[in-house]
Amino acid sequence: MSNCLSVTNAVEHAFCPRFTYFQLVLGIEQREGKRGTVQSGRAYHNRHSTTNKTYKIKRLDGIKRIELILYSKKYSFSGKIDEAIEAEDQILLIERKYTDYVVIGSTLKTQLGLLAILAEENTGKKVNQAIVVFDKTERVEVIVNVTKEIKQKALLMLKKTNHTISTGSMPHSSHDNRCLNCCYRKICP
Ligand code: SF4
């Protein structure tokens, strides 16, 4: 893997591989920051990382870590862990989603798998679990076992992202509900 990608790049590739093509091959930036859902989600993340610095989910005794920017020398990618609890021998990832859509799908698994790899490589501690907090109209906490398979699939997604960039060809993707709010829908064939 020669290019230094971010976790976000691989997550977007998992959402739709054409994001990689439009954004990283053609250089067309997303205009997602203008969407209301993204802005509310950012405000929610900021609230937790700036005003709730000591608040901890009581699942594991340890030190709360926030906004860790990490790099993997082994796989050449970077990413940011918004929140985690670091215990003596393990790390618990905490991921917050401002949505009522409670699904642990491929984008979330890619994100958790890559963040776990970054945390393990940089601390030498295992990441076996994550808690995903879905919090919009109702708060739902889901425990996810970040298995070896999730980590391997996440690495594969990173590899596919790199492959799309190196070939420069537009990947196949079917049009479905994802396209309704997509910033590239007007230019996507
Ligand atoms: S319009 Fe649909 S297929 Fe095209 S980039 Fe967006 S989500 Fe992918």
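Modeller: A helix here is a DSSP run of H or I with at least four residues, and a strand is a run of E with at least two, both numbered from the N terminus. Ser76 lies in the loop between strand 2 and strand 3.

Biologist: What kind of model is this, and what must local features reach?

Modeller: The model is predicted: local features need pLDDT of at least 70, side-chain atom pairs count only at pLDDT 80 or more, and totals for chains, interfaces and linings use all residues. Residues are numbered from 1 along each chain as its sequence is written.

Biologist: Where in the protein chain is confidence lowest, and where is it highest?

Modeller: On pLDDT, the predictor's confidence in each residue from 0 to 100, helix 3 (residues 36-51) is lowest with a mean of 53, and helix 5 is highest at 98. The protein chain has a mean of 88, and 84% of its residues reach 70 or more.

Biologist: What makes Ser76 partly exposed?

Modeller: The count of C-beta atoms, placed from the backbone: 20 or more others within 10 Å of a residue's own make it buried, 12 or fewer make it exposed, and anything in between is partly exposed. Ser76 has 14 others within 10 Å, so Ser76 is partly exposed. Its phi is near 55°, a positive value in a residue other than glycine.

Biologist: Why is Glu67 called exposed?

Modeller: Glu67 has 12 other C-beta atoms within 10 Å, so Glu67 falls in the exposed class. Glu67 lies in strand 2, and its phi, near 50°, is also positive.

Biologist: What makes helix 1 mostly covered?

Modeller: Seven of the nine residues of helix 1 are buried, namely Val7, Asn9, Ala10, Val11, Glu12, His13 and Ala14. These buried residues pack against strand 1, helix 2, strand 3, helix 4 and helix 5. For the protein chain of 189 residues, the buried share is 26%.

Biologist: Which residues of helix 2 are buried, and what covers them?

Modeller: Helix 2 (residues 17-25) has Arg18, Phe19, Thr20, Tyr21 and Phe22 buried. Their cover includes helix 1 and helix 5. Just after helix 2 comes Gly27, with a positive phi of about 75°.

Biologist: How many bridges join strand 1 to strand 3, and which way do the strands run?

Modeller: Strand 1 (residues 5-6) runs parallel to strand 3, with two bridges. Two meets the requirement of at least two, so the strands count as paired. Ser6 is opposite Ser78.

Biologist: What joins strand 4 to strand 3 and to strand 5?

Modeller: Four bridges join strand 4 to strand 3, antiparallel, and seven join strand 4 to strand 5, parallel. Glu86 stands opposite Ile91, Ile85 is partnered with Leu92, and Gln90 is partnered with Lys126 in strand 5. The hairpin of strand 3 and strand 4 has three residues between the strands.

Biologist: Why is a set of residues called a nonpolar core?

Modeller: The set must hold buried Ala, Val, Leu, Ile, Met, Phe, Trp, Tyr and Cys residues joined through C-beta atoms within 7 Å. The largest such core has 30 residues, of which Ala10, Leu93, Leu114 and Leu115 touch the most other members. Helix 1 (7-15), strand 3 (77-86), strand 4 (90-97), helix 4 (106-123), strand 5 (126-135) and helix 5 (148-167) each give at least two residues. Helix 4 has the largest share, seven residues.

Biologist: Which residues does Leu93 touch?

Modeller: With contact meaning C-beta atoms, placed from the backbone, within 7 Å, Leu93 touches Ile81, Ala84, Leu112, Leu115, Ala116, Val127 and Ala130, leaving out residues up to four places away in sequence.

Biologist: Which residues are around the ligand?

Modeller: Being near means having a C-beta atom, placed from the backbone, within 6 Å of the molecule. The residues are Cys16, Arg18, Phe19, Ser173, His175, Arg178, Cys179, Cys182, Tyr184, Arg185 and Cys188.

Biologist: What makes up this shell by class?

Modeller: Ala, Val, Leu, Ile, Met, Phe, Trp, Tyr, Cys and Pro count as nonpolar, Asp, Glu, Lys and Arg as charged, and the others, Gly among them, as polar. The shell around the ligand therefore divides into six nonpolar, two polar and three charged residues.

Definitions and conventions:
Two residues are in contact if their C-beta atoms, placed from the backbone, lie within 7 Å.
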